[in-house]
Amino acid sequence: MEVFCLSILGQRQTSDSRIVLLIDLSAAVCCLLEDWSGMDREKVKEYILKCQSYNGGFGMTPGAEAHGGGTFCAVASLRLMGFIEDDILSKSTVSSIIDIPLLLEWCFQRQATDGGFQGRPNKPSDTCYAFWVGSVLKMLGGYKLIDGKALRRFLLTCQSEYGGFSKFPGELPDLYHSYYGYMAFSLLKEPGLNALFVELGLTKVAGLGRI
Amino acid sequence: MMGSDTEEEGKAVPLRQRPEWSDVTPIPQDDGPNPVVPIAYKPEFEETMDYFRALYFNDERSPRALQLTHQAIAFNPGNYTVWHFRRLILETLNSDLREELDYIEQIAKINTKNYQIWHHRRWVAEKLGNDAMAKELQFTKKILSLDAKNYHAWSHRQWVLQTLGGWEDELDYCNQLLEEDIFNNSAWNQRYLVVTQCPNLGGLRAMRESEVKYTTKAILANPENESPWTYLRGLYKGDTNSWINDPEISSICLKVLTAKAYPVFALSILLNLLCHGYQGNQELRDAVGALNSSISGKPDSDLAKAVCSVLEHVDPMRANYWRWRKSNLPSAIIDISTGIESL
């Protein structure tokens, strides 16, 4: 199953557990090249659907625990492939190939008491999930419903005095969490930050070549 | 790794000074003419990688190449090119992969979240097939004893079960983990996998009754624990009729609400039931009504709306969401007390 979409990445690699991640990368490449000939979108869609967990989020593989990163990859891929329409929440009837209400609730429940987002239930909040989960809500049209003030408060506790963001409050910053920290602030419409092409995990100007 | 190559204590003889490497011309890293952010590598690292490149580009798959990959991995276990080459060497030399498992275990213990290591483990296990089953379950158990939520470990363990088998003790293992930490969502997820896929348990329907008992017990002990609530709903996946008609479900919601325990998940499950056509009963109406009065003082004859109102207050982080839910209730909820179809 996994080989067909990996062939366009030019590397035969079986048994990598991060299949939805690889799907997302493949879809992103196809999107940027505007060439889907290397990818069987139907087959890929069917695979992603199997990754929706009983609790609404998506795992990396069928049966795997629903996870913020996996959920982003699944939903972003479906969006890039054209299987989820824009702003689905504002439509009066929500019928979809995935269980949207269950997914929505899973996403909203990821905002913890400290205001940050967690990647899985009962795990600590981590800066990057403000993007991974936040952008899923953005893609579905539900981002406006989160507690933005509380999230902002949490993210600022992860901002380092040296610049950048850490994973958890009070820790040293790293490039990955800094990037996703900024992405999260862009979702929060922080002045001075570029708008995002969330499905690609880039700014609009980087993803489209124009603002 | 040291042994006779050690000059002083803890310092190995550089490769360029070893006669057995004199035939190799090290290849420096080509960062191009104007490298951006060039890394200040330690001399030992640079030398190891220079010699690695030489062997790699020459495709030398020898015992000394294998040893060199060991050294390179020690410096940077994230270098997937080194891992890839190591696999080629192992194949060519027809190495004993059971020894490789021991090697992986040593470095995995200090790099529990390294993708390359787990991928390598998977590759070895695939090659060994069924013989590896017991060892892989043991290995993942060890890693999970260090971190019971390690996603890589769970992913590998699920792969082992689904590809090689070994389901017999898995439900027990889930029980054990949940006893240690009832909040461990990974363990709940694994439980779901076992209950739905274990070949000798009969499947979800057959297991539902006993699992509902187990889950409701966990809920009553910690109603603020999200995991058993979503698990409970999962037990009825694809069977909405049973979900809304099983008295156990409304009963557990009522128990939690009347016990004045953390009500959020009970209310959200109740809302879910109502949206799927559950009519509600008087006791639940009274319980929700009491909460609604004490919180907002605004009674609502519509049970679903009342539930949403309470949720706005008891779960303020998601107040916007509950408000949105209230104004987007399914148009065909029949309010039994008024007999009017609520729009």
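**Entry 1. Chain A against chain B**

I looked up the salt bridges across the interface of chain A and chain B and found two, a salt bridge being a side-chain nitrogen of Lys or Arg within 4 Å of a carboxyl oxygen of Asp or Glu. One of them joins the side chains of B:E226 and A:R110, at 2.7 Å from N to O. On the side of chain A that touches chain B, helix α5 (residues 100-109) of chain A gives the largest share, five residues. I note that helices (H or I, at least four residues) and strands (E, at least two) are DSSP runs, numbered from the N terminus.

I record here that this is a predicted model, in which local features need pLDDT of at least 70 and side-chain atom pairs count only at pLDDT 80 or more, while totals for chains, interfaces and linings use all residues. Residues are numbered from 1 along each chain as its sequence is written, chains are lettered from A and ligands numbered from 1 in the order in which they are written, and side-chain values use heavy atoms, with hydrogens and water left out.

I then took the extent of the interface. Chain A brings 38 residues to the contact and chain B brings 34 residues, where contact means heavy atoms within 4.5 Å. The area buried between the two chains is about 3,200 Å², and carbon and sulfur atoms give 48% of this area. Buried area is the accessible area (1.4 Å probe) that two parts lose on being put together, summed over both. I also found 20 residue pairs in polar contact between chain A and chain B, both residues at pLDDT 80 or more. A polar contact is a pair of N or O atoms within 3.5 Å; within protein, one must be able to donate a hydrogen and the other to accept it, and residues adjacent in sequence count only if both atoms are side-chain atoms.

**Entry 2. Chain A by itself**

I counted nine helices and two strands in chain A. Read from the N terminus, the order of the elements is α-α-α-α-α-α-α-α-β-β-α. Of the 211 residues in chain A, 56% are buried, that is, under 20% relative accessible area, with exposed being over 50% and partly exposed in between (1.4 Å probe, protein chains only). Among contacts in chain A with a separation of 6 or more, 55% are between residues 24 or more positions apart.

**Entry 3. The two domains of chain A**

The domain assignment gives domain 1 (1-85) and domain 2 (110-211) of chain A; such bounds come from an automatic or database domain assignment. Each side of the contact is given by 17 residues from domain 1 of chain A and 17 residues from domain 2 of chain A. Between them these domains bury about 1,300 Å², with 71% of it on carbon and sulfur atoms.

I found two salt bridges across this interface. One of them links the side chains of A:E199 and A:R79, at 2.8 Å from N to O. On the side of domain 1 of chain A that touches domain 2 of chain A, α2 (19-33) and α4 (68-80) each supply at least two residues. The largest share of that side, eight residues, comes from α4(A).

**Entry 4. The two domains of chain B**

Chain B is divided into domain 1 (167-238) and domain 2 (247-329), and their C-alpha centres lie 25 Å apart. I found 12 residues of domain 1 of chain B in contact with 12 residues of domain 2 of chain B. About 1,000 Å² is buried between these domains, and carbon and sulfur atoms give 86% of it. I found zero salt bridges and zero residue pairs in polar contact, both at pLDDT 80 or more, between the two.

**Entry 5. Helix α5 of chain B**

Helix α5 (residues 115-128) of chain B has 10 of its 14 residues buried, so this helix is largely enclosed by the rest of the structure. Its buried residues pack against α3 (80-93), α4 (97-108), α6 (133-146) and α7 (151-163) of chain B. At the N-terminal end, B:N114 caps α5(B), with a side-chain oxygen 2.7 Å from the backbone nitrogen of B:Q116. Just after α5(B), B:G129 takes a positive phi of about 65°.

I then examined B:R121, which is in helix α5 of chain B. B:R121 is buried, with a relative accessible area of 1%. Leaving out residues up to four places away in sequence, B:R121 touches B:L101, B:I104, B:E105, B:K135, B:E136, B:F139 and B:H156.
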